[in-house]
Amino acid sequence: MSNELLEFDVIAEALIEKAQKDGAETMWDRKAALKTQCGFGEAGICCRICVMGPCRVSPSPDKGAQRGICGADRDTIVARNFARMCCAGTSAHSDHVRDIVHAMYHSSEDGPFKIREEGKLRKIAAEWGIEEADTKETYALAHELAEMALMEFGKPFGTQNFLKRAPESRQEIWEKENIAPRAIDQEVVTLMHSTHMGCASDPESILRRSLRTSMSDGWGGSMIGTEFSDIMYGVPKERASESNLGVIDPEQVNIMLHGHDPNLAEMIAVASKNPELIEMAKEQGAKGINVVGMCCTGNEMTMRHGIKIAGNFYQQEMAIITGAVEVAVVDVQCIFPALPKLAKSYHTRFISTSPKAKIAGDMYIEFNEEDPLSCAEEVIKTAVMNFKNRDASKVDVPELKAETIVGYSVETTIGALDRVVNSQTDVTGTVKPLGDLVWAGVLRGAAGIVGCNNPKVEHDYAHITLMKELIKNDVICVVTGCAAQAAAKAGLLKLEAKELCGRGLKEACERANIPPVLHMGSCVDISRILHLVTLVANERGVDIAELPVVGAAPEYMSEKAVAIASYVVSSGLNTYLGVMPYVSGSENFMKLMTEGVKEWTGAAYVFESDPIKAAELIMADIEDKRTKLGI
Ligand code: XCC
Ligand code: SF4
C-alpha cells in the first residue's frame with residue numbers, strides 16, 4: 001500500500017480495537033470518561049487566578065453572575081486566560097530553544113556538539129553585528145554568538161535582533177503598535193504580571209501585550225531555535241523519508257523518539273550508529289536498531305537525517321500499542337503522561353530525560369548537555385536489552401506507510417526555485433522565482449498549515465481536506481508540526497501529489513521538481529515560513545500583510561499553537577483556526593481578535609471549524625489580496 005495517496009488514517013480503528021483487547025487505555029477512552037467537557041472552561045469564563053475564586057461568570061450579559069468576586073467581568077477573564085496561554089506557549093518554545101543555545105555554547109571541535117554549518121554561523125553572526133564574523137575562529141565565534149543569543153532571553157534594553165529581517169513597513173507597525181518584543185523572558189514575565197489578580201483589566205491592552213509576548217516566540221525564541229539548530233546539526237536538504245506506523249520494523253530494535261528538542265534526538269541518532277551497539281542488538285536476535293520519530297522531534301530528525309516518521313500527536317499511543325516498540329524516549333512537550341502506564345501493558349520501557357519534563361511511572365535518564373552521549377547510549381542499551389522481552393502475541397504493526405519528501409528549509413526551497421529559472425540569464429539563489437510565479441498567477445498564493453491534532457475533530461481530516469482544497473486551487477502549502485506529518489501520511493509530500501493540484505501549481509511543481517506541499521520542519525520552524533514570506537515581501541517591496549498568504553492551524557490543541565497564531569497575526573497574516581480557543585465567552589474579546597486587531601497589524605484570527613468552508617474563506621482572502629496588489 002505504500003505508494004498510494006492515502007485517504008486519511010485508516011489504521012486508527014484497528015489499533016484502538018487492539019488496545020481494548022490488550023486491556024490498554026487510550027485518549028479516546030479518557031475523553032469518553034470525561035463525558036461533557038466544562039462549558040465555562042470552554043468559553044474561557046472561569047477564573048482561578050486568585051484564591052478568592054474560582055469564579056465562573058455567566059456567558060450571557062442578561063442573566064447569571066456578571067463578575068467575579070474582585071469585579072473582573074467576562075472580557076477581562078477571557079482576555080487574561082488567553083494571555084496566559086500565549087505566555088505558556090512562548091515559554092515552551094523559547095525555553096526549549098535556550099537548551100539548543102546552551103548546546104552551542106558547549107560546542108567544540110572534538111565534543112559531541114559541533115558546528116556543521118560554518119557558513120550559516122558566520123552569516124547569522126554578521127547579521128547580528130558581530131565584528132570580524134568572517135575571520136574569527138569557528139568555535140570562538142559560535143560561543144560569542146551563543147552568548148549573544150542567551151542575551152535575547154534577558155537583555156535589559158532593546159528588541160529582538162531578528163525583527164530587522166522584516167520589511168521596514170512591518171517594523172514600523174510593530175513599533176507604533178507597541179508589539180515589538182523585547183527580551184523573551186521579560187515579555188513572558190511582564191504578561192504574567194499584567195494578568196495577576198488586580199492588574200490589567202482592559203481586554204484590548206491584554207490582547208496587545210499577548211501579541212507582543214507571542215512575537216518574542218516567533219521572531220525571537222523560535223527563530224533562534226531554527227537557525228542555531230541548523231548551524232549545529234545542518235541545514236535540512238531535500239531527502240526521501242517514510243511516514244506512518246508502518247515504519248516500525250518488527251525485526252529490529254525499535255526506538256521511538258518523541259518530543260521536541262533536537263539535542264537529545266541528534267545524540268540518539270549518533271549513538272544508534274555505534275557498531276558495538278548494533279552488534280549487541282544482533283546478539284539479541286534483532287536485525288538492527290531502528291529509530292523512528294514522533295511529533296516535532298520526528299520532524300527535526302526526518303528533515304536532517306531522513307529518520308522515518310512513525311506518526312503525529314494522536315498516534316503516540318498507537319505506536320506503543322503495536323507491541324513492537326522497545327523504548328519510547330521523550331524530552332519535552334506534547335507527551336501524554338499516560339504513556340508510562342500504557343507502556344506497562346506491553347514490554348515497552350518509557351524513558352523521560354528532561355528535568356523540565358520528568359514523567360513519573362517508569363525510567364528517568366537525565367540528558368546532560370555536558371555529557372550528552374552517555375544518556376543516549378544508555379537509552380539504546382535499554383532498548384536493545386528489552387528486545388527479548390517482546391510478547392510476540394501482542395505484536396501487530398500495521399503495514400501502512402507513505403513515501404515522503406522532506407527538508408524544505410528556506411535555503412533548500414530557494415535552491416529548488418532555481419530549477420524554474422534559466423541559470424544562464426536569470427539571477428539565482430533568491431526567492432524571485434516564487435514571487436514571479438505568484439505575481440503571474442501561476443500560483444494564486446501560499447498557505448502555512450501547521451499545528452497539532454485534537455480529538456475534538458476527526459484526526460488529520462481537517463489538515464488533509466484543507467491542504468487538498470488549497471492545492472486544487474493553485475495555492476502552494478508549506479507545512480510544519482503534526483500538520484506536516486498528516487500531509488506525509490496522506491501522500492501529499494511526494495511528487496505524484498501534483499496530480500491533485502490545479503494547472504498552475506502542477507506546472508510549478510513539475511518545473512521545480514517539488515511536491516505541492518512542502519515540509520518545512522517542526523513547530524519552531526514556523527520561523528522558516530516567516531523568513532520565507534519576509535524574503536518574498538522584501539523582494540517585491542511590499543508589506544507581509546499585502547501578500548496573498550495565510551496561516552492556518554486546523555486541528556491545534558497546544559498553548560504553543562495559540563502563541564503561534566498570535567505571532568502570525570502580528571506578522572500580518574490572517575490566521576485560520578479550526579478549533580475555537582477558549583474565548584467564546586466574551587463577545588468583545590472575540591471582536592477584538594477577529595476585527596479590532598486588524599487595525600493594528602493588518603491581519604486577524606478567523607475561526608472556522610469546517611475545512612471546506614475555511615478553504616473557501618482562504619481563497620476569497622487570497623483573491624482579495626491579489627486584487628489589491630493589482631495582480
Ligand atoms: Fe505538539 Fe510539535 Fe502540536 Fe504536534 S504540532 S502536537 S505542539 S508536536 Ni507543534
Ligand atoms: Fe475571582 Fe477575580 Fe480572583 Fe479571578 S481574580 S478568581 S475573578 S476574585
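The model is predicted, so local features are given only at pLDDT of at least 70 and side-chain atom pairs only at pLDDT 80 or more, whereas totals for chains, interfaces and linings use all residues. Residues are numbered from 1 along each chain as its sequence is written, chains are lettered from A and ligands numbered from 1 in the order in which they are written, and side-chain values use heavy atoms, with hydrogens and water left out.

**Domains**

The protein is divided into domain 1 (25–72), domain 2 (74–233), domain 3 (245–394) and domain 4 (404–629), with bounds that come from an automatic or database domain assignment. The centres of domain 1 and domain 3, taken over C-alpha atoms, are separated by 38 Å, and the contact between them takes 5 residues from domain 1 and 8 residues from domain 3, where contact means heavy atoms within 4.5 Å.

**Ligand shells**

A residue belongs to the surroundings of a ligand if one of its heavy atoms lies within 4 Å of it. By this criterion ligand 1 is surrounded by His260, Cys295, Cys296, Phe313, Cys334, Gly451, Cys452, Cys482, Cys523, Met557, Ser558 and Lys560. That shell divides into 8 nonpolar, 3 polar and 1 charged residues, and it draws at least three residues from each of domain 3 (245–394) and domain 4 (404–629). In this division Ala, Val, Leu, Ile, Met, Phe, Trp, Tyr, Cys and Pro count as nonpolar, Asp, Glu, Lys and Arg as charged, and the others, Gly among them, as polar. Ligand 2 is surrounded by Cys47, Ile49, Cys50, Met52, Gly53, Cys55, Gly68, Ile69, Cys70, Arg80 and Met197, a shell of 8 nonpolar, 2 polar and 1 charged residues.

**Annotated positions**

An unreviewed UniProt entry lists the feature "binding site" at His260, Cys296, Cys334, Cys452, Cys482 and Cys523. Although these residues are spread over 264 residues of sequence, they cluster in space, with a largest C-alpha distance of 13.1 Å. Of these residues, Cys334 is included in the lining of the largest pocket. For the feature "binding site", the unreviewed UniProt entry also lists Cys38 and Cys46, and the lining of the largest pocket takes in Cys38 and Cys46. UniProt annotations may be inferred rather than shown by experiment.

**Individual residues**

Cysteine 38 is found in the loop between α2 (27–33) and α3 (39–43), while cysteine 46 is found in strand β1 (residues 46–47). Leaving aside its neighbours within four places in sequence, cysteine 46 is in contact with Phe40, Pro54, Cys55, Arg56, Ile77 and Asn81.

Cysteine 334 is found in the loop between β7 (327–330) and α14 (339–344); with neighbours within four places in sequence left aside, its contacts are His258, His260, Phe313, Gln316, Met557 and Lys560. Cysteine 523 has its place in the loop between β13 (517–521) and α21 (526–540), and, not counting residues up to four places away in sequence, cysteine 523 touches His93, Cys296, Thr480, Gly481, Ile564 and Tyr567. Serine 527 is found in helix α21 and touches Gly218, Ser222, Met223 and Thr226, again not counting residues up to four places away in sequence.

The table gives exposure, where buried means under 20% relative accessible area, exposed over 50%, and partly exposed in between (1.4 Å probe, protein chains only).

| Residue | Relative accessible area | Class |
|---|---|---|
| Cysteine 38 | 45% | partly exposed |
| Cysteine 46 | 21% | partly exposed |
| Cysteine 523 | 12% | buried |
| Serine 527 | 2% | buried |

Helices (H or I, at least four residues) and strands (E, at least two) are DSSP runs, numbered from the N terminus. A pocket is, on a 1 Å grid over the protein atoms alone, an open set of points where a 1.4 Å probe fits, with protein on both sides within 12 Å along at least five of seven lines, and its lining residues have an atom within 4 Å of a point.
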